[in-house]
Amino acid sequence: MNPKENRYTTEHEWIRVDSGNTSKIGITDYAQSALGDIVYLDLPEQGTEVRQSQKIGEIESVKAVTDLYSPASGRILEVNQAVVNEPNLVNEDPYGKGWIMMLELSNPTEINALMSSDDYDKLVIELGK
Amino acid sequence: MKELKKTALNQLHHELKAKMGDFAGWEMPIWYVSIIEEHNKVRSSIGIFDVSDMGRVEVIGKHASAFLDKLLTKPVAKLEPGSSQLCLMCLEDGGILDDLFVYRIGNERYLIVWNADNTKRKLDWLQHWAIEYPDVIIKDVSNTTGMLAVQGPKVSELDTLKCVAHLSRFSHTETEIGNAKVFVARTGYTGEDGFEIITDAVGIEDLWRLLMQNGAAPCGIGARDSLRLEAGMALYGQDIDTSTNPYEAGLGYLVNLNDGNFIGKQALLIIKNNGVQRKLVGFRMLSREIARRGYKIMKDDRKIGTVTSGGYAPTIGSGIGLGYVPAGLADIGTDIEIVIRNCPVKARVDNRRFLLGEIENEPKRK
């Protein structure tokens, strides 16, 4: 159910290495569905250095505010302005147009410690019980 | 954790795949599909809510009117059978114990519909004062009945509700819909036209299904909250409670100091004469950030209040909120700041009935 090429955190973020050390990050379908209509994203500026598991922003739905953690260490290359302007894209297409940031990885091997899609599928099924 | 109470529609909500959550000790649907979608449905068409969490108490007896006039801030003796009023129940010091609807069903029979919290305290309060009125019977019918709200501008177009379309605002009747005996009132908590329907807990699921088939969209408490906030209606337990008085909460219109001698009247006379120190105001965010309950309200680097209700307003398209500020800073147009993520963010005091001009507002409704 969750894309094979991504890695996942227990906090329901995903990361996908596009090429070399460049990656995209976002929140999972489970996360967007649990949050409901997303209406605001508070995100770091381009160029910010972040560490793996560091709180880097907040996502607000109509009902709730939730923290966003970085799935890996590196530098923010780009913040997706499309989701900043239209936060609902994260609900509509969490793995596609709803990506949140591009991250230049400073330590690509960190990603290996994250969950595979199979493991994350299992976690989601477990949480749904 | 204490087990959550369930309404008679609980199974149906699960069947409809609602996201469920805790509301005042009840397991309630927060949303079915999306809060914004449900909110918009009620503003443009028709939504249906399970509001069975609200308490329903019958007050019956020869002295029921006198008893209620002792407890409520507006005399019921003037209500005709078939009509209702929104009013408050206050403590001796003028603090608000609840805001409630009282429906006069017959000369000696009333129905109170009040908020889900504090039920025991409120029932005890009623029982306590009823000692002086030995013929008055207080009957909590919350568990044997259920309650629906059908709300939205197209509500009287529903086939099922044609038979009550003649009801004017705040009036009510007892009739039959489908196979169910129902109490229907033209009241609600969304800022839209609508009906509230009380029926036997056993028959409420069929009634819900019938209304859904007719085109009413299921709506959860998420939309209930965003709708009432946009309409500037205070939520008990958040914007008002026993530590707030009606005048600072902008609910003076629910208090009648001219007649009778209800509990809290003496204190409220003094409060009204002295003028209030703080006022509950509505504010609108000037950027896209969203104010939430508990956030600080600032003016010129000084804390002037706290947000009591805040959130995203789908019809307005920005963040709005309510909060108490000093009376001198309560005028519409006053620039304030809300502290969000440790940063003061610009906001402006607005007409608390945020949609005024777009929707008709409650107190002016007949």
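Analyst: To describe how two helices pack, each axis is taken as a line fitted to C-alpha atoms over the stretch in contact, and the angle runs from 0 to 180 degrees between N-to-C directions. The model shown here is predicted. In it, helix 2 (residues 35–44) of chain B packs on helix 6 (residues 221–230) of chain B at an angle of about 55°, and their axes are 8 Å apart.

User: Why is helix 2 of chain B called oblique to helix 6 of chain B?

Analyst: Angles under 35 degrees count as roughly parallel, and 65 to 115 as roughly perpendicular. The angle of about 55° therefore makes helix 2 of chain B oblique to helix 6 of chain B. The crossing of these two helices is right-handed. On the side of helix 2 of chain B, the contact is made by B:Ile35, B:Glu38, B:His39, B:Val42 and B:Arg43. Helix 6 of chain B contributes B:Gly222, B:Ala223, B:Ser226, B:Leu227 and B:Glu230.

User: How many residues of each class does the contact of helix 2 of chain B with helix 6 of chain B have?

Analyst: There are four nonpolar, three polar and three charged residues in that contact.

User: At what angle do helix 3 of chain B and helix 4 of chain B pack?

Analyst: Helix 3 (residues 64–71) and helix 4 (residues 119–130) of chain B pack at about 120°, with their axes 11 Å apart. That angle makes helix 3 of chain B oblique to helix 4 of chain B. Their crossing is right-handed. From helix 3 of chain B, the residues B:Phe67, B:Lys70 and B:Leu71 meet B:Trp125, B:Leu126, B:Trp129 and B:Ala130 of helix 4 of chain B. By class, the residues of this contact are six nonpolar, no polar and one charged.

User: Where is B:Asn261 found, and which residues is it in contact with beyond its neighbours within four places in sequence?

Analyst: B:Asn261 lies in the loop between helix 6 and helix 7 (265–274) of chain B. Leaving aside neighbours within four places in sequence, B:Asn261 contacts B:Lys70 and B:Gln266. B:Lys70 also belongs to the contact between helix 3 and helix 4 of chain B. Between the C-alpha atoms of B:Asn261 and B:Lys299, 38 residues apart along the chain, the separation is 40 Å.

User: How is the overall form of each chain to be read?

Analyst: Chain B has seven helices and 20 strands. Its radius of gyration is 20 Å, close to the 21 Å given by the globule rule for 366 residues, so chain B is as compact as a globular protein of that length. Chain A has four helices and nine strands. The radius of gyration of chain A is 13 Å, close to the 14 Å that the rule gives for 129 residues, so chain A is likewise as compact as a globular protein of that length. Along the principal axes, the C-alpha atoms of chain A fill a box of roughly 35 × 30 × 20 Å, and the C-alpha trace of chain B spans about 60 × 50 × 45 Å.

User: Over which residues of chain B does pLDDT stay under 50?

Analyst: Confidence is read both as a mean and by region. Chain B has a mean pLDDT of 94, and 97% of its residues reach 70 or more. Over residues 357–366 of chain B, however, pLDDT stays under 50. The model scores ipTM 0.89 and pTM 0.93.

How values were computed:
Residues are numbered from 1 along each chain as its sequence is written. Chains are lettered from A and ligands numbered from 1 in the order in which they are written. This is a predicted model: local features need pLDDT of at least 70, side-chain atom pairs count only at pLDDT 80 or more; totals for chains, interfaces and linings use all residues. Side-chain values use heavy atoms; hydrogens and water are left out. Angles under 35 degrees count as roughly parallel, over 145 as roughly antiparallel, 65 to 115 as roughly perpendicular and the rest as oblique. A crossing is left-handed if the near helix is turned anticlockwise from the far one by less than a right angle, and right-handed if clockwise. Contact means heavy atoms within 4.5 Å. Ala, Val, Leu, Ile, Met, Phe, Trp, Tyr, Cys and Pro count as nonpolar, Asp, Glu, Lys and Arg as charged, and the others, Gly among them, as polar. pLDDT is the predictor's confidence in each residue, from 0 to 100. The radius of gyration is taken over C-alpha atoms; the globule rule is 2.2 Å times the number of residues to the power 0.38.
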